[in-house]
Amino acid sequence: MGEAVWFFSMGEGVHHVSRDVYTRVEALFSPEPEGWSVDGYPVTRCRDAWGHTHRFLRTRTLVSYDYAAYLPVLRERFAGADLAGEVTWHAGDNAPDRVLTAHTIGDVPSGVFCPSRPEVLRNLLESLEDHAAALGLQGWRALPEATHWSGSCHGGNPADLSRYPSMLVDVELGSTPEAWENPRAQEALARSLLEALRPRPRMVHLLCLGGVHFEPSFAEGATDRSRDLGLGHVLPNQWVVSGRYEDEDGPAKLDAAAASVQGGVDAVVYHEGLKGCYRQLCRDLGARLGVPVWKHRGMRKG
C-alpha cells in the first residue's frame, strides 16, 4: 500500500488556514496518534478507502519556510513515501479568489525540480473540484498553479530540494480572508487529501512551458475529464525568462524537469507567447526525449 504525509503549520504568527484545515481533518477522519512528535505536536495517521496510510504532521511553521530544519525528518521517516504535501494558503497580486489549488514543487529559475506524479496531481484537482461542488461552493474553481517553491523567497537553498526523493506538492486555499475563512472550502480541501493516492490508469504526461502562473490553457487540459492529460511540471514564462533558459545551461534545466516526471514525459507543450528561442528549446527537448511537441492550443486535439 502507498503512503502520504501531510504538513500543517500551527505556530502563532503563521497563517491560520493550515490550523483550520487540520481541525477539519481531525473531525472528518479521527486520525490516531503514532507515538512520536514533531515540534511538540503528536503525529497522527489514518487510512484511506484504498488502504493507503496518510500521516499528519503539525509544525511550528511552514516546512517550505524552514526546509533545511525539516529535511532530516523527511529523509529519516518518509524517504519511501509516495507523496509529501503541505497544506497552505494562496495569495498574490491579481490572484483568483475562490480557488482551491495544487502544484508541483521546483525552483524553475535554478532548474531544480522535485519528483512529479501527474496522476496524483490530477487526483487532487479532481477531488478538490468534486468536494467543492458537493459542498455547494458555487463560483469556486480547482486550478493547477505553475511549479514553484516558496522556500526560495525565505532564504531556502533550492539545491536542498534534490535531497528528498519523493513527490512534494502544495495544496492551497485562497486568495482573500473571505475565502481563507470559508469552512466549506476548508472541508473540501481536507476531504481531497485522502483521495490523492487513489488508483487510476496512467495518463499522458505533459511538460508545459510558458504562459502565466494560472495559465488557462494548461488548466483546461489538466481538468478536462474527457481527456487523460496529466501535468508533470508547468514552467511559466516569467521564471523561464528570469532563469535565462536561453543560456548554455538551459537545456540541462529542461532535461532535469523532464527527468523528474515519474513515468516519463509523453509530450512537451509550449505556450505560443514564448519567444522563438524558448520555442526552439522545447523542440530540441522533444527531439531528445523522442516525444511530440505541441503548441498550447494543440492540447485540445493532441
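This is a predicted model: local features need pLDDT of at least 70, side-chain atom pairs count only at pLDDT 80 or more; totals for chains, interfaces and linings use all residues.
**Aromatic pairs**

The structure contains four aromatic pairs. In one of them, the ring centres of Trp 36 and Phe 78 are 6.1 Å apart and the ring planes meet at 35 degrees, so this pair is classed as tilted. Because Trp 36 belongs to strand 2 (residues 32-38) while Phe 78 sits in the loop between helix 2 (67-77) and strand 5 (83-90), the pair ties together parts that are 42 residues apart in sequence. Trp 36 is buried, with a relative accessible area of 15%, and Phe 78 is likewise buried, with a relative accessible area of 1%.

Another pair joins Tyr 67 and Trp 149, whose ring centres lie 5.6 Å apart with the planes at 80 degrees, so the arrangement is edge-to-face. Here Tyr 67 comes from helix 2 and Trp 149 from the loop between strand 9 (141-144) and strand 10 (167-174), so the pair ties together parts that are 82 residues apart in sequence. Tyr 67 counts as buried because its relative accessibility, 5%, is under 20%, and Trp 149, at 6% relative accessibility, counts as buried too.

The two pairs are set out below.

| Pair | Centre distance | Plane angle | Class |
|---|---|---|---|
| Trp 36 and Phe 78 | 6.1 Å | 35 degrees | tilted |
| Tyr 67 and Trp 149 | 5.6 Å | 80 degrees | edge-to-face |

Elsewhere, ring pairs connect Phe 8, Tyr 22 and Phe 56 into a cluster.

**The parallel sheet and its helices**

Four strands make up an open sheet, arranged in the order 12-11-13-14 with parallel pairing. Its edges are strand 12 (229-235) and strand 14 (293-295), each of which pairs on one side only, and the twist from one strand to the next averages 30 degrees. Within this sheet, strand 11 (residues 204-209) and strand 13 (residues 267-270) pair in the parallel sense over four bridges, and Cys 208 has Val 269 of strand 13 as its bridge partner.

Helix 3 (residues 118-134) packs on the sheet, where it touches strand 11 and strand 12, and its direction makes about 100 degrees with that of strand 12. Helix 6 (residues 216-223) lies across strand 11, strand 12 and strand 13, and runs at about 155 degrees to strand 12.

Note on methods. Residues are numbered from 1 along each chain as its sequence is written. Side-chain values use heavy atoms; hydrogens and water are left out. Rings of Phe, Tyr and Trp (its six-membered ring) pair if their centres lie within 6.5 Å; planes under 30 degrees apart count as stacked, over 60 as edge-to-face and the rest as tilted. Helices (H or I, at least four residues) and strands (E, at least two) are DSSP runs, numbered from the N terminus. Buried means under 20% relative accessible area, exposed over 50%, partly exposed in between (1.4 Å probe, protein chains only). Two strands pair if DSSP finds at least two bridges between them. Axes are lines fitted to C-alpha atoms, for helices over the stretch in contact, and angles run from 0 to 180 degrees between N-to-C directions. Contact means heavy atoms within 4.5 Å.
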